[in-house]
Amino acid sequence: MDYQRKQNELLQKEYGCKWKAPRFHITLAFWGMDQKGKTMGKIKSHLNVRGAGKVACLLLLLTAFCAPTAQAQTRLIVRDSLGLPGVKLVCLLTGCTVVEGLGDPNGQLFLVTLPAILNPVTGLLNISLQLGIVDVEIDQVVSAQQPDASSSASYLTDETPTPYYGATVWHGYLAQPANELVRTAQTQSTFNVAGAGTKVADIDTGVDPTNPVLQSVLVDGYDFTTNTSGGSEMTNAPAAPNLSEAQPATLDQRTVAVLDQRTVAVLDGSSYSDFGHGTMTAGIIHLVAPEAKIMPLKAFSANGTAYDSNILRAIYYAVNNGANVMNMSFNYTSYSAELATAIKYANSRGVISVASAGNNSEDTMVYPGGLPGVIDVASTSNTDIQSTFTNYGTPPVFMAAPGEGVVTTYPWGTWAAGWGTSFSTPFVAGTAALMLGANSNCPSATVPLGLANADYIGNLNLGFGRLDTYQALETCHLL
């Protein structure tokens with residue numbers, strides 16, 4: 001599963017708009033859609049605002065393409081070169097409200113809101129024209145998109161207790177086909193690596209802090225949905241299940257979890273459509289790099305939605321709090337300048353960014369996977385075949401990893417199997433942690449080279465091939 005950017009409710013469904021306004025020079029980029037909903041490309045118009053007549057014409061053009069469809073507060077991401085004093089002055093002049101800074105190192109990026117009584121197009125244009133404004137973007141919603149689970153994973157019921165780095169896990173977690181394909185156990189034992197000394201930021205729905213497998217490796221995270229420390233997934237949890245009656249049950253299109261039927265019925269609704277996702281991705285990171293610390297950064301709610309602004313805050317938080325790797329099991333379908341800026345900052349600090357390629361079954365570019373320096377991960381089956389749901393194409397796909405029926409941790413100390421590029425991505429993020437770990441002698445600049453030393457499975461659409469943790473670690477010792 002991955003997350004996709006959704007058009008803001010205040011804009012017409014057919015169009016997305018973006019403004020960049022250094023001083024009084026404005027760049028507009030409109031993304032048109034054909035009848036099938038695919039992007040036709042960008043039409044750019046560069047205008048020098050010198051007179052009221054041109055401003056009026058521009059406003060008419062914006063109104064035609066981006067008329068509001070409902071009265072609601074408008075959220076904007078604003079970059080002001082003058083910092084907080086500058087954006088406060090802008091809001092004083094235009095009627096907006098400064099909500100919070102978004103954590104960029106220069107203190108220039110802010111979330112602001114326009115009241116419902118103001119026309120969002122007029123308000124956005126007024127803000128764009130103010131002195132010091134560098135960039136303005138709609139704080140769009142990123143929303144979940146899920147592939148179908150092809151069948152229940154038989155090894156999900158392999159409950160044999162097995163010791164694993166200080167915890168007891170189900171044997172099916174360790175012996176599952178995906179883990180054996182990427183040779184995790186052989187890599188750990190041969191190279192004496194387990195990710196010690198590394199920290200992986202998991203930007204997702206949060207993690208269950210009481211999970212007995214993950215509890216010892218979690219470090220302080222943050223919940224950007226409520227502005228509280230911790231990053232717990234359980235703030236959105238329904239009542240705990242009766243595990244004495246638990247059995248594998250399909251929760252949604254992409255998750256089969258071991259739960260009782262009452263809990264399944266509660267979770268089978270839109271408000272819980274993605275509950276457990278963050279604990280699942282964290283469990284895969286831990287499977288590959290069991291001594292790596294995991295930083296839960298909750299940018300997504302249990303319903304599978306997140307604001308751009310919270311994702312940006314999570315990226316800056318991860319970098320500024322010592323993360324070595326970022327796992328980003330989500331994607332945007334349109335380019336975001338501020339997302340690109342945040343990733344560029346992470347790159348400059350030596351952080352390895354790993355993102356999902358998406359689940360649209362298309363040869364397409366998504367973000368952050370398509371941004372420079374990001375490892376974009378597609379999905380393969382347990383028989384090394386390209387998953388039917390995965391996006392593909394080189395570039396932007398850098399490599400692939402197993403993403404079908406992946407057994408992993410789930411809230412309440414139970415287990416689940418998941419389908420989607422969301423679950424391919426943490427295999428690669430965990431391998432990056434192994435490479436950066438205390439015993440690997442592999443600097444961050446070498447990580448992409450090691451990951452590229454993958455198992456070529458005869459598919460040019462999947463970049464360098466399917467992840468092989470052994471060959472990746474071997475690269476650290478050859479360079």
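In which loop is Pro 395 found? Pro 395 sits in the loop between β21 and β22 (399-402), and the views below take us there and to other spots. This is a predicted model, in which local features need pLDDT of at least 70 and side-chain atom pairs count only at pLDDT 80 or more, while totals for chains, interfaces and linings use all residues. Residues are numbered from 1 along each chain as its sequence is written, and side-chain values use heavy atoms, with hydrogens and water left out.

**View 1. The whole chain, before we zoom in.** The chain's secondary structure comes to 13 helices and 24 strands; helices (H or I, at least four residues) and strands (E, at least two) are DSSP runs, numbered from the N terminus. Of its 479 residues, 57% count as buried. Here buried means under 20% relative accessible area, exposed means over 50%, and partly exposed lies in between (1.4 Å probe, protein chains only). Take the contacts (heavy atoms within 4.5 Å) between residues at least 6 apart in sequence: 72% of them join residues at least 24 apart.

View 2. Pro 368 belongs to the loop between β20 (352-356) and β21 (374-380). The other cis bond joins Thr 394 and Pro 395, with omega about -15°.

**View 3. Two residues with a positive phi.** Most residues other than glycine have a negative phi. Ser 361, in the loop between β20 and β21, has a phi near 60°. Is Ser 361 buried or exposed, or partly exposed? Its relative accessibility is 36%, so Ser 361 counts as partly exposed. Asp 384 lies in the loop between β21 and β22 and has a phi near 65°. Because its relative accessibility is 19%, Asp 384 counts as buried.

**View 4. Helix α11 and its residue Ser 422.** Helix α11 covers residues 421-436, and Ser 422 is part of it. The 16 residues of α11 should span 22 Å at 1.5 Å a residue, and the end C-alpha atoms are 23 Å apart, which agrees; the expected span is 1.5 Å times one less than the number of residues. How many residues of α11 are buried? The helix is mostly covered, with 16 of its 16 residues buried. Ser 422 has 0% relative accessibility, so Ser 422 counts as buried. Its side chain makes a polar contact of 3.3 Å with the side chain of His 277. A polar contact is a pair of N or O atoms within 3.5 Å; within protein, one must be able to donate a hydrogen and the other to accept it, and residues adjacent in sequence count only if both atoms are side-chain atoms.

**View 5. An open sheet of 4 strands.** The strands run in the order β15-β16-β24-β23, with antiparallel pairing; two strands pair if DSSP finds at least two bridges between them. β15 (247-250) and β23 (406-410) stand at the edges with a single partner strand each, so one side of each has no neighbour in the sheet. The twist averages 30° from one strand to the next. β15 pairs with β16 (residues 255-259) over 4 bridges in the antiparallel sense, and Ala 249 stands opposite Ala 257 in β16. Helix α8 (residues 277-288) packs on the sheet, touching β16, β23 and β24 (414-418), and its direction makes about 115° with that of β23. Axes are lines fitted to C-alpha atoms, for helices over the stretch in contact, and angles run from 0 to 180 degrees between N-to-C directions.
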